[in-house]
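The sequence and structure come first.

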Amino acid sequence: MWMSTFARFALPSLQRTASVAARQALRARRHPWAAGPPRPSFMGPAHIRGQQTLGSASIPLAHQSVRHVRALDEERLVEVEWEDGGHSLYPFTWLRDNCQCPHCTLESAQARLLPLSDLDIHTGVDVVEVTNDNKVSIVWPDQHMSVFDGDWLKKHCFSAAARQAMQEELFLNERYYWDSKLRIPTADYQEVLHDDKAALAWLLALRRVGIVYLKGAPGEKGQVARLADRIGYLRLTFYGHTWQVQDKAMANNVAYTSGKLSLHTDYPALHFAPGVQFLHCINQAVKGGESEVVDGFHMAEKLQREDPEAFRTLSSVRVDFTDTGTDYCDFMLQSKKRIIDVDAEGRIVRINYNNATRDSVLDLPLHRVQPFYRALKAYVNIMNRPENVVTYKMEPGDIVTFDNWRLLHGRRSYVSRPDRLRHLEGAYLDWDEVMSRLRILRKAVHGDL
Ligand SMILES: C[N+](C)(C)CCCC(=O)O
Ligand SMILES: O=C(O)CCC(=O)C(=O)O
Ligand SMILES: [Fe+2]
Ligand SMILES: [Zn+2]
């Protein structure tokens with residue numbers, strides 16, 4: 001049942017082969033899985049909006065033969081003409097740098113041997129020709145020979161469209177933005193552990209939607225660690241390899257009380273905050289303890305539209321965060337983070353915000369203090385609107401997995417009863433490890449993508 005759910009979060013195969021123009025037309029409409037009749041394994045009505053700004057879906061897989069090849073000596077480019085009449089251009093320097101021969105590449109590691117000191121960045125080309133097995137061979141002026149596979153060249157084409165497609169294939173940066181109407185993608189815990197297709201669908205949805213719910217886990221500790229093993233390894237922090245969210249005496253963190261947790265990302269006190277979070281419900285409170293989540297990227301985009309001044313402030317001011325205590329060992333953390341972190345192109349890449357660990361140290365000149373509070377309030381007001389928040393109550397055996405760089409999560413206060421202690425076990429992972437597993441699974445399930 002859940003597999004069909006995930007098919008909607010994994011890119012539809014038609015997008016993989018569609019032309020750029022067709023893909024743009026597709027994106028202009030709503031994603032096919034965001035509309036239509038209710039699907040059982042989602043919660044709430046269907047409505048998910050895709051971010052319109054990101055690039056194409058994937059590299060066209062169609063095999064293409066090399067029809068003709070020539071060296072453009074003036075421009076120092078090799079031009080490949082493909083069977084369908086299309087052309088690709090490759091700089092001499094790049095081709096020499098990426099020679100695949102055993103002298104230049106350690107095949108067993110897929111790593112470059114050729115040192116930059118041996119690379120002549122002004123090299124010419126003596127001979128370039130197509131071999132009969134769809135390869136391009138080049139003889140360099142020093143008589144070194146390189147042979148490049150046609151499919152490999154096609155993938156490495158320098159056109160804007162091909163580069164964008166390659167970046168999307170490698171990093172899956174396309175995101176589907178959502179609000180309260182999201183039906184959280186849901187999968188079976190055991191299937192994710194034992195079936196590669198299920199695991200791939202899980203990680204694809206985690207990447208694109210930012211949250212996936214797993215059901216059917218045993219009601220005892222150790223499950224978040226098993227899930228982390230499925231990927232690679234978990235991220236150790238001062239709160240331990242895994243950590244127990246319970247109402248504790250002398251709590252070293254507000255999470256370890258029965259109080260309300262307003263929407264936050266975990267661990268902004270670390271400069272490199274954990275990318276992914278797992279929370280496994282072992283015991284739930286009878287009263288209270290519901291979970292809330294919002295799409296922090298989507299909310300930041302809304303802020304940018306509604307209040308550009310506030311967005312500018314939150315994406316430029318570096319805020320101090322602090323965390324002091326003892327757990328795995330003693331700690332005294334300080335960090336400075338932008339609450340809305342954007343990259344050089346202005347794209348939102350991370351949200352860093354936990355009001356509990358925001359420092360009383362506010363490193364701003366007096367006249368910038370009030371504007372900062374105004375901006376933060378504007379962002380928090382947007383994320384707290386009922387139309388933006390998804391609420392659910394975890395039951396024993398449920399695991400929520402989410403993008404801690406993107407989502408903000410919270411918890412309603414609960415009534416603590418000594419005979420039925422609310423207990424969640426949590427763990428962190430990082431995106432590099434999750435993406436590594438995702439690429440491996442994609443290769444195993446779909447072949448060389
Ligand atoms: C849940 N816990 C205690 C491991 C971390 C809470 C997040 C934070 O303090 O930023
Ligand atoms: O108790 C919960 O439901 C969430 C706990 C939480 O957000 C945390 O431990 O950081
Ligand atoms: Fe948290
Ligand atoms: Zn070589």
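## The ligand site

In this predicted model, the shell around ligand 1 is made up of Y239, W243, N253, Y256, D266, Y267, P268, N354, T357 and Y428. By class, six of the shell residues are nonpolar, three are polar and one is charged.

The table lists them by residue.

| Residue | Protein atom | Ligand atom | Distance |
|---|---|---|---|
| N253 | polar side-chain atom | oxygen of ligand 1 | 2.8 Å |
| Y267 | polar backbone atom | oxygen of ligand 1 | 2.7 Å |
| N354 | polar side-chain atom | oxygen of ligand 1 | 3.0 Å |

N253 and N354 each use a side-chain atom. Y267 uses a backbone atom instead. How much of ligand 1 does the protein bury? Alone, ligand 1 exposes 310 Å², and the protein buries 97% of that area.

## Positive phi angles

Most residues other than glycine have a negative phi. Two residues here have a positive one.

N134 has a phi near 60° and is not a glycine. Its place is the loop between β7 (127-130) and β8 (135-139). Is N134 buried or exposed? Its relative accessible area is 15%, so N134 counts as buried, the cut-off being under 20%.

L172, also not a glycine, has a positive phi of about 45°. This residue sits in the loop that runs between α6 (160-171) and β10 (176-178). L172 is buried too, because its relative accessibility is 3%.

Definitions and conventions
Residues numbered from 1 in each chain as written. Chains lettered and ligands numbered in written order. Predicted model: local features only at pLDDT ≥ 70, side-chain atom pairs only at ≥ 80, totals over all residues. Heavy atoms only, no water. Helix = DSSP H or I, 4+ residues; strand = E, 2+ residues; numbered from the N terminus. Buried < 20%, exposed > 50% of the residue type's maximum accessible area, 1.4 Å probe, protein only. Near = heavy atom within 4 Å. Polar contact = N/O pair within 3.5 Å; in protein donor to acceptor, adjacent residues only side chain to side chain. Areas by Shrake-Rupley, 256 points an atom, 1.4 Å probe, with all protein chains shown as cover. Nonpolar A, V, L, I, M, F, W, Y, C, P; charged D, E, K, R; others polar.
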